[in-house]
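Hello,

Please find the model we spoke about below, for your own use. The notes after it set out what was found.

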Amino acid sequence: MANDIRSFFNRPISIGNRVVAKRLFLAPMAGLTHVAFRQLAAEYGGYGLLFSEMCSARALPRENPAVSKVFCWRPGELDRLVCQIFGADPAVMAAAARRVEAEGFFGVDINFGCSVAAICKQNAGAALLKAPEQAEAIVRAVRNTVDIPVFVKFRIGWSDDPASAVDLARRFEDAGADALVFHPRVAPDRRSRPPKWAYIGRVHAAVSIPVFGNGEVFALDDARRMLSETGCNGVSLGRIAVARPWVFAEWTAGFEADSGIYHRCAHRMMALLAAHYEPVTALRRFKKWAVYFTAGFKYGHRFSAMLRGAADIDEVYRIVDDI
């Protein structure tokens, strides 16, 4: 039944010293959950919190939002926006979190989930799951520096061991994390195997802070099954939210999409990117988004290839109109 899960998602939840009105979040995704996409999602509404793409903790204290491609935002979104940071040094991460708090974000999210080589080579992201003491020290340093809610996004670890995930979760709670967003895959796995939702249940049972599940929730029935199987406190949506930015409104407010929504959404995404970024960056980011947006179409591969081959913004509009 749609109403039962809608009621759950609309139930407020306390995270640290603040309250979130809904239990459905946008997951942070590099190159995708930027200011333009977040504005698009916000126009549909229905979410509890939005998360930024990853921001380098080393760069953040000196970052200029007027020119930065990642550390930028609309003032109206700050009260429901969490900034995700990555780095390896507790003091550097704490300094970045201090800047996040000073700018007025709802919270700060520590990235222990990204397994991309460029991040792991810096001993950041998921690489820190190999060093639980250092990861714990980072969370503690951030917690001791800021008063805003502290989130931790993490994976199982580098081997398929649920005990490792439980140990990490307990460490993060002990260090002062206010909420966990858990993606139950091993760090090297780039979606080659299904996420192990049962591990979300183990993590949730092991800690007293809220735990949000993440991983292959594509339909309302998926969300209902994750919640019933794991007992987690809410759901963090990644790929489905990028492909259908109105999904939050569908699942929390009963929004019904009409047949023209994909056409309007693609136009609006390109327009917002052009408003927030210079043309080359706007086009590049649209092409990355288009891979996800077209994935649900029967002819999605062809549609995606056409959009990724567009020479400029005007051609994007022509292709969208033609399709």
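**Salt bridges**

Arg-224 is partly exposed, at a relative accessible area of 21%. Here buried means under 20% relative accessible area, exposed means over 50%, and partly exposed is in between, with a 1.4 Å probe and protein chains only. Before going on, note that this is a predicted model, in which local features need pLDDT of at least 70 and side-chain atom pairs count only at pLDDT 80 or more, while totals for chains, interfaces and linings use all residues. Residues are numbered from 1 along each chain as its sequence is written, and side-chain values use heavy atoms, with hydrogens and water left out.

The partner of Arg-224 in a salt bridge is Asp-4, with 3.6 Å between the closest N and O atoms. Arg-224 belongs to helix α8 (residues 220-230) and Asp-4 to helix α1 (residues 2-9), so the pair ties together parts that are 220 residues apart in sequence. Asp-4 is also partly exposed, with a relative accessible area of 42%. The term salt bridge stands for a side-chain nitrogen of Lys or Arg within 4 Å of a carboxyl oxygen of Asp or Glu. Helices (H or I, at least four residues) and strands (E, at least two) are DSSP runs, numbered from the N terminus.

The structure holds 16 salt bridges. One of them joins Arg-285 and Glu-53, at 2.8 Å from N to O. This pair links distant parts of the chain, 232 residues apart: Arg-285 is in helix α12 (residues 279-293), and Glu-53 is in the loop between β4 (50-51) and β5 (55-56). Arg-285 and Glu-53 are both buried.

Glu-136 and Arg-171 form a salt bridge too, with an N to O distance of 2.8 Å. Glu-136 sits in helix α5 (residues 132-143) and Arg-171 in helix α6 (residues 162-175), so the pair ties together parts that are 35 residues apart in sequence. Both residues, Glu-136 and Arg-171, are buried. They belong to a network of salt bridges that links Glu-133, Glu-136, Arg-140, Asp-167 and Arg-171.

**Helix α13**

Which residues of helix α13 (residues 300-308) are buried? They are Gly-300, Phe-303, Ser-304 and Leu-307. Seen down the axis of α13, these buried residues fall within an arc of 95°, so they line one face of the helix. The arc is taken over the directions from the helix axis to the C-beta atoms. The face turned away from the buried side carries His-301 and Arg-302, which are exposed. Helix α12 and helix α14 (313-322) are among the elements that cover the buried residues of α13, where contact means heavy atoms within 4.5 Å.

**Strand β10 and its neighbours**

In strand β10 (residues 211-214), Val-211 and Gly-213 point one way, Phe-212 and Asn-214 point the other way, and all are buried. Strand β9 (residues 179-186) runs parallel to β10 and is joined to it by three bridges; two strands pair if DSSP finds at least two bridges between them. Val-181 stands opposite Phe-212 in β10.

Strand β11 (residues 234-237) also pairs with β10 in the parallel sense, over three bridges. Asn-214 stands opposite Ser-236 in β11. From β10 the chain crosses through α8 to β11, and this β-α-β crossover is right-handed. That is, with the strands pointing away from the viewer, the path from the first strand over the helix to the second runs clockwise.

Glu-216 is in the loop between β10 and α8. Its phi is near 55°, a positive value in a residue other than glycine, and Glu-216 is partly exposed, with a relative accessible area of 28%. Asn-123, in the loop between α4 (117-120) and α5, likewise has a positive phi, near 60°, and is not glycine.

**Aromatic pairs**

The structure holds 24 aromatic pairs. One is Trp-246 with Tyr-262, edge-to-face, at 5.1 Å centre to centre and 85° between the planes. Trp-246 lies in the loop between α9 (239-243) and α10 (247-253) and Tyr-262 in helix α11 (residues 261-276), so the pair ties together parts that are 16 residues apart in sequence. Trp-246 counts as buried at 1% relative accessibility, whereas Tyr-262 is partly exposed at 30%.

Rings of Phe, Tyr and Trp (its six-membered ring) pair if their centres lie within 6.5 Å; planes under 30 degrees apart count as stacked, over 60 as edge-to-face and the rest as tilted. Ring pairs link a cluster that includes Trp-246, Tyr-262, Phe-286, Trp-289 and Phe-303.

Regards
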